[in-house]
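Have the sequence and the 3D view open as you read.

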Amino acid sequence: LMYEYTTLDNLFRAGAAVPRPVASSENALLMGYIGDDQLPAPVLQSVDLGRDEAEALFAEVMRNVELMLNQHLIHGDLSAFNILYWDGAVTLIDFPQVVDSVENPHALKIFQRDITRVCEYFVDQGVRCDAREITGRLWDRYAAAEPLDAMADWSRWAEEEEGSE
């Protein structure tokens, strides 16, 4: 829980759309509530959006993904099930499985899965996005330390993709 609390606190302070962390103990994490007196914010997966709103929210999710990646963090389970929707805004939740983009040998694959899941939801909402292109562009910008490392990551990822087909 302390890892999740620290991650949430760092992201909140950096301006990410995450719940405000309040406190943590051995077995509990207290954070800001998203919703009103009658209803908690639903997960994005249960919301149908108009195309204009979907495009704006997709841009906001990608802003948060970039903010995390800039701090060498990958959500690790990002999808429309771990994004809340309230009052026209998104809030990313569920951070215990966050991985380090530099230290984790599977980071690129995990990141690609996050981007793919997010794109799947937003494509259904009318947003045009290419998960592979977004993954490559953001990975190259924020996570690939050396050009040769980036090429090796992409080569390994391509081989894994071919093997799974």
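## The chain overall

Keep in mind that this is a predicted model. The chain has five helices and six strands, and along the sequence they run α-β-β-α-β-β-β-β-α-α-α.

Of the 165 residues, 42% are buried. The chain exposes about 9,100 Å², with carbon and sulfur atoms supplying 50% of that area. If you take contacts between residues at least 6 apart in sequence, 67% of them join residues at least 24 apart.

## H2 against H4

Helix H2 covers residues 51-70 and helix H4 covers residues 131-143; their axes sit 9 Å apart, at an angle of about 35°. The crossing is right-handed.

On the H2 side, the residues in the contact are Phe-58, Met-62, Val-65, Glu-66, Leu-69 and Asn-70, and they meet Ile-134, Leu-138, Trp-139, Arg-141, Tyr-142 and Ala-143 of H4. Sorted by class, that contact has nine nonpolar residues, one polar and two charged.

## H3 against H4

H4 also packs with helix H3 (residues 107-124): the two axes come within 9 Å and cross at roughly 135°. That angle is why H3 counts as oblique to H4. This crossing is right-handed.

Here H3 brings Ala-107, Leu-108, Phe-111, Gln-112, Ile-115, Thr-116 and Cys-119 up to Ala-131, Ile-134, Thr-135, Leu-138 and Trp-139 in H4. The H3 contact with H4 includes nine nonpolar and three polar residues, with no charged ones.

Terms used:
Residues are numbered from 1 along each chain as its sequence is written. This is a predicted model: local features need pLDDT of at least 70, side-chain atom pairs count only at pLDDT 80 or more; totals for chains, interfaces and linings use all residues. Side-chain values use heavy atoms; hydrogens and water are left out. Axes are lines fitted to C-alpha atoms, for helices over the stretch in contact, and angles run from 0 to 180 degrees between N-to-C directions. Helices (H or I, at least four residues) and strands (E, at least two) are DSSP runs, numbered from the N terminus. A crossing is left-handed if the near helix is turned anticlockwise from the far one by less than a right angle, and right-handed if clockwise. Contact means heavy atoms within 4.5 Å. Ala, Val, Leu, Ile, Met, Phe, Trp, Tyr, Cys and Pro count as nonpolar, Asp, Glu, Lys and Arg as charged, and the others, Gly among them, as polar. Buried means under 20% relative accessible area, exposed over 50%, partly exposed in between (1.4 Å probe, protein chains only). Accessible areas come from the Shrake-Rupley method with a 1.4 Å probe; for residues, only the protein chains shown count as cover. Angles under 35 degrees count as roughly parallel, over 145 as roughly antiparallel, 65 to 115 as roughly perpendicular and the rest as oblique.
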